[in-house]
Amino acid sequence: MYDGIPLDATATLPPLVDRNYNANMSRAHNLFRLQEIDLLIDKTKQRVDEILAILEDDETIEGVKTDLSKAAEDLAAQNSAVNLAEGAVGDQKYKIERTESKLYAGKIQNPRELQDLQMESEALNRHLATLEERQLELMMEQEEAEIKHESLLGQLENLENDRASEIKTLLLEQEQLNLELARHEGNREGALASVSVEDLEIYEKLRLRGGGYAVAILEGSNCSLCGVAPSESTQQIIRKGTGLVHCEQCKRILYSG
Ligand SMILES: [Zn+2]
């Protein structure tokens, strides 16, 4: 029902979108409500920043990639060392075969010459044993290099899979947070309608030096944030909510809750 308020008086009425607006609410109450929204905005923004930092941080995967490329180089070096050792063993066996075929072909009759050949064959065989031992050592090192390379490949694959699902989850959360942030910003606009420019200025300054808290609650007879109790008469003023009363200790605005 139209109650007879002249049309131009509607300019002083609270905005319709602000359902929490109550003209009788104290300035401290309105600032406290603004602070609750601002704290939510701070928390949301902090998580958004954390997510951005996690998304940008590829250090672990990059570290494994570096190790993997080093392991691939080591493996390639081991492979060629084994190939060389195999070649040396093959050459040595060929030399032995040639010497032994001369020795057993029966064409050489001279005992001195036969003895020399025998000694040469023995020396060649001794060196073959050394070459085969070295080949075996290299093959074992090659196997170790293969195991290391395989293990890093597996590690990288797991990390990349985990990372892909982590990124997916974080992007979803980021999307959600951005929606929340837009909602909080809308609520802030609504809350600001009940706060004067002067009070907002005081609030912003206090919030900056008070670790995000410009308003403290009077809990019992104490400031909820620093614990100091204002005098009885000050407490009464706070409870009436007529003006802004600051805590003597931490300087924050006290709100009776
Ligand atoms: Zn205080």
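Two strands count as paired if DSSP finds at least two bridges between them, and strands themselves are DSSP E runs of at least two residues, just as helices are H or I runs of at least four, both numbered from the N terminus. Keep that handy for the tour.

Some housekeeping: this is a predicted model, in which local features need pLDDT of at least 70, side-chain atom pairs count only at pLDDT 80 or more, and totals for chains, interfaces and linings use all residues. Residue numbers start from 1 along each chain as its sequence is written.

**Stop 1: the sheet.** You're looking at an open sheet of 3 strands in the order β2-β1-β3, with mixed pairing.

Where does the mix come from? On the β3 side, pick Ala-216 and its bridge partner Leu-254. On the β2 side, Leu-218 faces Cys-223, and Glu-219 sits opposite Asn-222.

Now zoom in on Gly-220. This residue is in the turn of the β1-β2 hairpin, which has 2 residues between its strands, and its phi is positive at about 70 degrees.

**Stop 2: the helix over the sheet.** Show 27-56, helix α1. α1 lies across β1 and β3, at about 100 degrees to β3. Axes here are lines fitted to C-alpha atoms, for helices over the stretch in contact, with angles running from 0 to 180 degrees between N-to-C directions. Contact means that C-beta atoms, placed from the backbone, lie within 7 Å.

**Stop 3: zoom out.** Color 24-43 + 196-255 as domain 1 and 58-189 as domain 2; the bounds come from an automatic or database domain assignment. Their C-alpha centres lie 69 Å apart. How many residues make the contact? Domain 1 gives 5 and domain 2 gives 4. The domain 1 side has 4 nonpolar residues, no polar ones and 1 charged.

Conventions
Two residues are in contact if their C-beta atoms, placed from the backbone, lie within 7 Å. Ala, Val, Leu, Ile, Met, Phe, Trp, Tyr, Cys and Pro count as nonpolar, Asp, Glu, Lys and Arg as charged, and the others, Gly among them, as polar.
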